[in-house]
Every structure is written in C-alpha cells, then in structure tokens.
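My notes follow the order in which I checked them.

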Amino acid sequence: MSERERVRMREVERDGAADGAEAEIAAIERAMVALRRSAARRTLARRAARQGGGGPVPEGAAFDVLDVVEAAEERGEPAGVREVADALRVDQPRASKLVAAAVQAGHLRREADQTDGRRTLLAVTPDGRELLEAAHTFRRSVVARVTRDWPAAERTAFARLFTRFMDDFGAVNEPSGED
C-alpha cells in the first residue's frame, strides 16, 4: 500500500462526519485495492526471487494453476481444465495452455476421470507439491513477519474475519450466468 493510500485511509477513519459503516467500508475497499495491486505486481513472487531460497521460485499464471488444483484436491473435488479456467477467470484455450505448461514442467499430471471416460482430471505431482510447499512456507513467513507484533487475539480475529470476508466475497462474485 502506498503512503498516499495509507494517508487516505487515515482520513477516512478520522472523518467523524461520515457514517461509521460507510467509513469502515471505504477503508476495506481501499485495502482491497492495495492488495489487488500488490498481487497484480506479484510482489511476493518478486521478493521470493530476490531472497533466493534454493530452488525454483513459483510465479505467474502457470503457478496459479497449481494453487487451483491443490485447492480442489483439498476440497475433495475433481479439477480439470474447465475448473482451472473458471477459477482463474480465463477462457478454456488459455487455461489449456497453462495446464499444458504445468504438465510439461512436471508439476501436474493428467488422469482419466473414473466416472466419465471423456474427461481428464488434474493432479499435483510430487515436484508440484514440493513447489507448492515452498510457496506456502514463503508466504506464511511473510504473513508471520507482518503480524509478528500483533497480539495473538488480533491475529486470531484477523484470520477468522479475513477468511470469512473472502468466503463471502467469493460467494457474491461467483459467475451467475448473467454475464
């Protein structure tokens, strides 16, 4: 978040004339914009690359495919190219190229769907799992550093509320078929 954005957030917080909920919503919206900009600039991936860490640094849309497939596996749901396209909000040809790159790199493998022989599912390989673990470790170390001076109760509340916010935000922003 830039200094200008932080100043603006403080102004919104100090604005006693504004309705409390309106000021809080404005502050959340500004934080979301800052988070989106940071993600778009791939700030964490660039920091990981600078710090090294012994091994390939996952980054870019190709790595996002691994995140999607891993999340589906954790939910016990199958993931194919269509699910990758939906999750990344790209068209199927683009998703297919990203999946092919991850397969070629050895991070994913294709498997036959046992319930539908026409469909191919994706699974994370041991190399892909190693890459994901390195990314999780790095991301968590950054979060730990950012929140190291927070009281445990605040970190716990933030984890609960941020997770709830993202779940609810995702539900509101699900493709509705109206587009």
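**Entry 1: model.** I am working with a predicted model.

**Entry 2: core.** I looked up the largest nonpolar core and found 20 residues in it. Val 65, Val 69, Val 84 and Leu 108 have the most contacts inside this core. I then listed the elements that give two or more residues to it: helices H4 (60-75), H5 (81-88) and H6 (92-104), together with S2 and H7. H4 gives the most, with 6 residues.

**Entry 3: Val 84.** Which residues is Val 84 in contact with, leaving aside its neighbours within four places in sequence? I noted Val 65, Val 68, Val 69, Ala 95, Val 99 and Leu 122.

**Entry 4: Thr 125.** I found Thr 125 in the loop between strand S2 (120-124) and helix H7 (126-147). Is Thr 125 buried or exposed? Its relative accessibility is 9%, so I put it down as buried, the limit being under 20%. Setting aside neighbours within four places in sequence, I see Thr 125 in contact with Gly 106, His 107, Leu 108 and Arg 109. Leu 108 was already in my notes, among the residues with the most contacts inside the largest nonpolar core.

**Entry 5: surface.** I looked for a nonpolar patch and found one formed by Leu 35, Phe 158, Phe 162, Met 166 and Phe 169. Together they have about 450 Å² of accessible area. Helix H8 (residues 152-172) supplies the largest share of the patch, 4 residues.

**Entry 6: Met 166.** I picked Met 166, which lies in helix H8. Met 166 counts as partly exposed because its relative accessibility is 38%.

Note on methods: Residues numbered from 1 in each chain as written. Predicted model: local features only at pLDDT ≥ 70, side-chain atom pairs only at ≥ 80, totals over all residues. Heavy atoms only, no water. Patch = residues over 30% accessible without salt bridge, like charges linked within 9 Å, V, L, I, M, F, W, Y side chains within 5 Å. Areas by Shrake-Rupley, 256 points an atom, 1.4 Å probe, with all protein chains shown as cover. Salt bridge = Lys/Arg side-chain N within 4 Å of Asp/Glu carboxyl O. Buried < 20%, exposed > 50% of the residue type's maximum accessible area, 1.4 Å probe, protein only. Contact = heavy atoms within 4.5 Å. Core = buried A, V, L, I, M, F, W, Y, C linked by side-chain atoms within 4.5 Å.
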